[in-house]
Amino acid sequence: MENANGIVHSVGSAPISDAAVPVTITASVHAFNQAVRAVRAGELEADDSAAQLIGLLTEKELLGLLDGDSPRRLLPFIPALLGRRPFVAGAVSRLGIPGIRFSDGARGVVIGAATAFPVTMARAATWDPELEQRVGVAIGAETRARGANYSASVCVNLLRHPAWGRAQECYGEDPVLVGQMGSALTRGVRVHTMACVKHFALNSMENERFEVDVSVDDHALHEVYLPHFKAVVDAGADSVMSAYNRVRGEYMDVNRALLTDVLRDEWGFTGFVTSDWVFGTHDAVVSLQAGMDVEMPLRMLRARALPAALRSGELNRATVLESAHRILRTSILHAATREQQEPDVAVIASAAHRALALHAAAESIVLLKNDAVDEAPLLPLAPGMRRLAVIGRLADQANLGDHGSSRVRPPSTVSPLQGLRDAFPAALITTSTGKDEKAAAALAAQAEIAVVVVGLDQHDEGESVVTGGVDVGILGRAFNSGLSRRIFIGLAHLAARFVRGGDRSSLELRPSDASLIRAVVAANPRTVVVLIGGSAILTDEWRDRVPALVLAWYGGMEGGHALASMLTGDTEPGGRLPFVIPSDAAQLPPFDSAAKAVVYDDSWGQRHLDGQGRAAAFPLGFGLGYTTMTHELLDHTFSDVGGTARVLVTNTGDRDGSTVVQLYAADLSAEHPVAQLLGFQKVTVQRGASTTVQIALDAGPTVQRDPSTRQWHPRAGDWALIAAQHSPSHWTGAVPLRRTAN
């Protein structure tokens, strides 16, 4: 069955017979809604409804599904427009097809004012998928209230090195943790909008993200860098965003081996793939053939190339129909199954969402150190404190993180200083930026407690500004050389002077921050250091002098209140590290932010330290509480597809508290056993009480994939299992990992 343009009313070459279609969608502005209603009522399958809609499209409308709807002249205005409205791709007003209505949203909606949640890395530190799913529901609701139906909020790139500029947008270094948290956010977001997972794949450096070529063997690829993507796909992700970088010599938009052979054929993904923005499409036709469905966000390469390619036969019509079908089927199915009640704009930054942001921030804060001063731990602070000094250049800043595409603009923010003022309304709180160290030390000496707030901001890490290395020629022939190219590159370099972002040049604090810490501690030994940032910050040069050390992240709009509640003991320091903090950057794999080619293997982070037999300053999963807990592994069941473990958790301290029970396995026959996280669960236990928790175990880290057969088999070795409060430094008490038949 063909229309006047010869477009088949189905995917592939087999048309759908009229007898098999119980409902016929008519050509009107209600066509899309008619298709949605029919699918919701069970009168049509999503595949059939998509095929019928395709049959109503003109050739121009059909090709229009495959790229953004905005003209390329809007390119210079993308940063401003991104915060004002959704970017639309594939809308067909004649048939009521809304198109993909894009919003970013890793820490909240980027359109207009919105709730600013803690950054993704901070929420990873909660180790609480149920809480992350609630955050996802809120982000999805605000996204939809702003007129978007598609949220690119799920970033699951693995933290290969903490110097990565966009580390704050991911869930850390462990594939199991990343997979569970990303899946939870996906389930939450999908209640209201389509969920997009990004950046597929191996995108873990920023400065050379447009050019770098990543070499990786099959084992590391499928066993380290892809499992969390598959977990999110299995959780229902509607869309995948391809990355800028190359993998094994091919840019990701034209990488058929990953976009089709793995993503669709091996994993069974049925949604659609979009490009990363502007510079993420390198060939209009080849990218479509490889499995990249939508060029985002403007009419650029495909608008110029696809009509002629289709007419000449260079592009097969079946390839166009296949992508069109994926896009429309996914859009219809999601619209038919999402929450039907439209969120009101009043939900945006509502009291409920602010409370959720506060809760997420409080649960994310990691207490790294809490030594005794005058025979008692310095934290929590005494409620009757009268004189407090709050010092540091970040103490009174609305420091929410990167100012790139993930930037959220909340209607208000609470700084650490404001949070402490609200917590201690009767206290005399003095403050200094610390630029004058002597004056800051004098303030600290006069206070009962000094709180030093230091760390990173958008100038130290974040999304990189486009530089001369990117291929601006894809913008058009005028940009291949000459005045247009020079102007564009000049403007990019000018912007980079104001917001540097990009990969970090050091894992240390700024020298001025480290010097300030030493000066304040010398003046007042009762000093708390609060670190702000999106990834690991080395502390060995000054940590021994500091009794209390807190990692508070970019805590979102309520971050200051969350920090104050933790420092006063109103809430438990519930965070645990989603990555390792080494003593020295040399203990990690090398990181070259200017590299054009890199090799990704299976040794990074905590696993790299384990393999070298080195102790971390703070291991993966580490975090102190205000009480003490014990974990006892009672029993477990396990097979090649997973299992469960029962763990007895006892609160041996004098106050209620929480802990994250973590299950690790390792091959004990290795010279240096490398811990593999299999499962985890956050649990709250009352003082003096015990509870038994059952934790699901992920078999993934204990199996390997045969590249030739694509089958998974157990890894060889003497595997053992242990329940711990962080990645173990020894395996005393571990039990053999008993594997049964599936």
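Author: The model is a predicted one. Across the whole structure, a search finds 13 aromatic pairs. One of them joins Phe-200 and Trp-267, whose ring centres are 6.0 Å apart; their planes stand at 70°, and an angle over 60 degrees counts as edge-to-face, so this pair is edge-to-face. Phe-200 belongs to strand E5 (residues 194–200), whereas Trp-267 is in the loop between helix H10 (256–266) and strand E10 (272–274). The pair thus links distant parts of the chain, 67 residues apart. Both Phe-200 and Trp-267 are buried.

A further pair consists of Trp-553 and Phe-579, with ring centres 5.7 Å apart and planes at 80°, and it is therefore edge-to-face. Trp-553 is found in the loop between strand E19 (548–551) and helix H19 (559–568), and Phe-579 in the loop between H19 and strand E20 (597–599), so the pair ties together parts that are 26 residues apart in sequence. Trp-553 has a relative accessible area of 1% and is therefore buried, since the limit is under 20%. Phe-579 is likewise buried, with a relative accessible area of 1%.

Ring pairs also join Phe-87, Phe-102, Tyr-150, Phe-272 and Trp-277 into a cluster. Within this set, Phe-87 has a charged neighbour: Arg-85 lies over the face of its ring, 4.7 Å from the ring centre. Elsewhere, Arg-246 is placed over the face of Tyr-251, at 5.2 Å from the ring centre.

Technical notes
Residues numbered from 1 in each chain as written. Predicted model: local features only at pLDDT ≥ 70, side-chain atom pairs only at ≥ 80, totals over all residues. Heavy atoms only, no water. Phe/Tyr/Trp six-rings, centres within 6.5 Å; stacked < 30°, edge-to-face > 60°. Helix = DSSP H or I, 4+ residues; strand = E, 2+ residues; numbered from the N terminus. Buried < 20%, exposed > 50% of the residue type's maximum accessible area, 1.4 Å probe, protein only. Lys NZ or Arg CZ within 6 Å of the ring centre and 35° of its normal.
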